[in-house]
Amino acid sequence: MKEMKLFLGPQHPGMHGNASVHMFVEGDIIKRSYLLPGMLHRGFEKQMERKLWVNNIALIPRVCVPEPDINEMAFALATENLLKLEIPERAHWIRMIILELARISTHLMAYGGLGGPTGNYTLMYHAHVDRNLILDIFEKITGARVYHQYIVIGGVRQDLPEGIEQDIKEFIDDLESRLSEYRDLGIDNASIVKRIYHTILLPEEVVWELGVTGIGMRSATNKPYDLRKVTPYARYDQVEFEVPISNYSDARARLDIKIKEIQQSIIIIRQCLDKMPEGEVRVKPGRGQSMRWTVPKGYVYSPIESSRGEFGYYMVSNGGTTPWRVGVRGASYPQGLLGIEKYLPGTRIDDAALWVDTMGICSPEIDR
Amino acid sequence: MNSISNLEYVDKIILSITKDIKKESIGEYQVGYEVNQADVHQLLSSLKLEGWKQLSYLSAIDWPEENKFEVVYVLFNWDKPIYVQIRAKINRDNPSMNSIISIFPGAKYYERETHEFFGIAFPGNPEYKKQLILEQWDDIPPLRKDFDPSAYSAKKFPSREYPDDFSVKDKDNQVLEKNAKRKKRVKKLRTGGKK
């Protein structure tokens with residue numbers, strides 16, 4: 001049969017963000033494929049070298065659009081590590097609440113994204129309604145819906161507003177009661193079972209070869225490889241939660257882990273609301289003029305567990321008022337570029353969109 | 001899960017290969033080593049054998065005063081949780097660093113990106129010269145310190161000069177004058193003609 005070239009994205013309901021998968025197909029089967037990134041390249045790493053440490057806070061959330069808070073956290077952790085700065089106890093707990101709410105919202109978006117490629121749009125609408133409720137909570141806390149700029153160097157920008165604990169509790173109770181509905185609509189839905197069971201396999205050798213982290217890794221290796229457990233940051237060592245795992249990684253297993261992680265995030269948020277102490281939420285990061293403070297020389301890599309895997313900032317300071325080098329390690333780098341080139345061939349055309357969805361590929365962080 | 005003994009374990013592996021290192025400890029779960037360019041591949045492969053199976057990050061840093069590039073490799077071991085940074089300085093003129101894709105196949109795209117943004121050659125990686133993110137780039141690699149983005153954009157996208165003033169679309173339109181007159185009249189009425 002004649003080989004034909006097809007594109008998935010950048011304009012496609014199954015594609016997340018502005019990247020495109022180029023596929024050479026014979027009939028239904030993909031023979032060769034690669035990802036074409038670069039449509040969202042904004043030169044962030046260069047821009048960050050030219051801005052003050054504190055000014056970068058406005059830039060970093062834009063590195064990953066659906067999940068901005070992990071950028072703020074990784075950047076703040078890296079800078080605090082270089083500064084040897086101790087932040088107030090309450091700020092750690094507020095950060096964890098924000099990060100877990102962000103994790104729920106991204107998981108909902110990705111789980112709802114299953115609706116695009118499988119034609120199950122009801123699921124997508126349900127998930128987006130719930131994500132919208134989280135954005136409402138974010139708006140009350142930070143004043144912004146998507147780019148919060150709330151986790152800053154030295155703590156969080158301001159304390160939680162009055163009565164927000166009640167709002168968060170009501171929301172997570174409501175969501176928890178409806179998680180079984182999400183299962184029925186998505187992974188247990190008879191109309192899409194054939195699309196997600198035993199498709200898009202990710203064997204353990206491939207995980208180690210590519211360097212896939214996050215849900216892909218945990219679903220294939222059957223081990224709780226989660227940075228919140230392995231190298232705990234903030235106060236993740238003081239809360240109790242489980243890391244969902246599985247020993248067979250197909251699309252269904254990874255989506256199942258997403259739902260289980262939403263459940264665990266809800267448990268973490270409950271504990272945070274109970275254990276959170278009163279007190280200050282922000283300390284001044286440096287001496288000198290209000291914004292032109294300097295950071296001591298050093299190299300640091302600060303990784304955190306995002307909803308898609310290990311996400312980190314590599315930062316170098318030469319003692320100046322601006323960073324010398326900022327490098328972003330996107331969680332979707334291995335599976336998005338090398339994974340699509342090497343392991344997408346052999347699957348069917350309609351699986352490409354599911355690969356992009358269930359592997360958690362975020363094109364803005366590949367491009368930066 | 002005793003991280004201090006893990007740090008000693010890393011030390012032992014590194015020192016068994018080379019003594020010519022500069023070590024710095026960065027936090028509880030992280031350690032950095034500055035090594036010679038020639039030792040990098042041996043260090044990476046022995047660390048991989050000992051369980052540092054994941055390449056987390058690969059990139060470079062530009063140090064124009066020393067006329068050097070610094071190539072960075074960050075490895076991670078999930079069972080003995082220590083991030084190991086291996087850094088090696090290479091020459092800034094005709095920079096070249098042998099590829100590590102035979103040790104970590106996942107480095108393929110990181111090396112392509114580093115070549116694109118710093119101009120470092122990675123012999124051994126068959127595709128390192130292919131363009132990845134920057135389309136039809138025609139200047140020096142952009143993450144080098146001597147690349148000035150504002151000068152590039154002024155050169156690439158020169159500001160236009162307009163022969164006519166298009167800010168007022170219709171020359172017969174007297175709205176601005178009318179408004180000024182009206183304001184004057186309103187002021188006059190309000191003050192009753194007094195100054």
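At what angle do helix α3 (residues 89-113) of chain A and helix α5 (residues 121-142) of chain A pack, and how far apart are their axes? In this predicted model, local features need pLDDT of at least 70 and side-chain atom pairs count only at pLDDT 80 or more, while totals for chains, interfaces and linings use all residues. Residues are numbered from 1 along each chain as its sequence is written, and chains are lettered from A in the order in which they are written.

The two helices (DSSP runs of H or I with at least four residues, numbered from the N terminus) pack at about 160°, with axes 8 Å apart. The axes are lines fitted to C-alpha atoms over the stretch in contact, and angles run from 0 to 180 degrees between N-to-C directions. The angle therefore makes α3(A) roughly antiparallel to α5(A), a label for angles over 145 degrees.

Now to the partner chain. Contacts also link 30 residues of chain A with 29 residues of chain B. Chain B itself holds five helices and five strands, where strands are DSSP runs of E with at least two residues. In order from the N terminus, its elements run α-β-β-α-β-β-β-α-α-α. Chain B has a radius of gyration (taken over C-alpha atoms) of 30 Å, well over the 16 Å that the globule rule (2.2 Å times the number of residues to the power 0.38) gives for 195 residues, so chain B is more spread out than a compact globule. Its C-alpha atoms fill a box of roughly 95 × 40 × 30 Å along the principal axes.

Notes:
Contact = placed C-beta atoms within 7 Å. Parallel < 35°, antiparallel > 145°, perpendicular 65-115°, else oblique.
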